[in-house]
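Please have the viewer open as you read.

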Amino acid sequence: MMKRTILAIISAVTGIAFASGQDNDKAQDPEAATLRTQSIDEVLQSISINNPELQSLVKDTEAAQLQLKTENMLEDPTVEYSSFYSPNVTGQSGSELVVSQGFDFPTIYAAKHRQNKFSSESLNSGLEAERRRILLDAKTLCLDIIMYRQLGELLGLQADIAEDMLGLYEKRYSTGDATALELNKIKMEMMNVATKVADNNAALATAGNSLSAMNGNAGISFDADFYPLVEEISDPQAAIEEYMSGSASILAAESAASAAQKQVSLNRQDWIPKFEIGYRRNTAIREAENGFIVGGSIPIFSNHRKVRMAKAQSASAVNQLAMIKSQSLAQARSFISDIRETKAALEAYDEPLMRETLDLLRQAVEGGQISVIEYFVEATNIYSSLSDCITLQNRWQKLMAQLYINRL
């Protein structure tokens, strides 16, 4: 009973710490209501709305797109007024008013509009890539939470069996049918399990707090303890093509490369003079004169080497696109390979057989067919294999989430 109390205290303290963290979040935001969820999709939907980082990225993208629009507008009109004075005239002898408007050749605005369209698409794709990254991180946390709960169930089973063993061998020890060594072995096993329970509960609490933080501390609660069904890979090449064609990073790089190419075309038109038109009014003592202003500026110096610079930037963007495509293809192939290897390793485990073996070992030690030391030698290997199986399942789920990130 003493060991059961120790385990209960460790689990309770960790659980209280986790619950306290959520209560503190609610205290900081009294209007936040706890969102109880049953699926990972519901969690991701909530985080896509409440995540502070994503909200910031949305505003940054919006600001950058507005900046693009302001760069393709007419220049501000200018207004100048001058007063003239003469020693032979009392007060003002004359004045001059000039109102003018400068502008580029119309084809320049059209070219900038096309370039800004590609730049805006690149920004949108970049935002989508960041959104998927954030949701993938959140999904990874959900998968880890499920893993920690499954490990907790396994550790609970291990603790229950060890406690039953302790009660059995305390009785045997009192009648002289068990040794102090066997009794101490069971107690040490319980201490070992208690440590693992504490570590697992701490990891579970940390993952839960991290998930809540990603949701803007809005009080999300994810209580699933099993993995969702995932579509098996029937056609690896189709999976790779889906990964490549839907990659937001590739789409962003493609739009950036197109925008850089349009910049080359735009800089080639910089030889076209800028124009200026306006109205002019001059007044003298007795009369006024009205007229128009027509002028322009010839880009002799400002256009120096701009085309070469734009070509270099365009080449860099094309190379960046090729690099991202190459990296994405390598990642997709790596995911496919790792998924196959992990799946093959999982298929080598027979979880029902291992749990059945644990029951048989327990019956054998209770029946006196094997010693408690022999039991723990065998049982430890089985618990380790079951734990490895749970970890492999988690790894497989994460790999599948990475491969199908474009579906987030």
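## A strand pair and its sheet

In this predicted model, Asn 282 has Glu 289 of strand E6 as its bridge partner. Strand E5, residues 274–283, pairs with E6 in the antiparallel sense, and 10 bridges join the two.

Step back and you will see that both belong to an open sheet of four strands, with antiparallel pairing and the order E2-E3-E5-E6. The edges are held by E2 (78–85) and E6 (288–297); each has a single partner strand, so one side of each is left without a neighbour in the sheet. On average, neighbouring strands here are turned by 15° against each other, direction ignored.

## Two helices side by side

Now over to the helices. H3 (residues 52–70) packs against H4 (residues 106–175) with the axes 10 Å apart and an angle of about 175°. Since angles over 145 degrees count as roughly antiparallel, H3 is therefore roughly antiparallel to H4.

On the H3 side, the contact includes Leu 54, Leu 57, Val 58, Thr 61 and Leu 68. Among the H4 residues that meet them are Ser 119, Leu 123, Leu 127, Arg 131 and Ile 134. Sorted by class, the contact of H3 with H4 has eight nonpolar, six polar and four charged residues.

## A helix and the glycine after it

Helix H5 covers residues 180–214, which is 35 residues. From its first C-alpha to its last, H5 reaches 51 Å, close to the 51 Å expected at 1.5 Å a residue. Just after H5 comes Gly 216, whose phi is positive, at about 70°.

Notes
Residues numbered from 1 in each chain as written. Predicted model: local features only at pLDDT ≥ 70, side-chain atom pairs only at ≥ 80, totals over all residues. Heavy atoms only, no water. Pairing = 2+ DSSP bridges. Axes fitted to C-alpha atoms, helices over the stretch in contact; angles between N-to-C directions. Parallel < 35°, antiparallel > 145°, perpendicular 65-115°, else oblique. Contact = heavy atoms within 4.5 Å. Nonpolar A, V, L, I, M, F, W, Y, C, P; charged D, E, K, R; others polar. Expected span 1.5 Å × (residues − 1).
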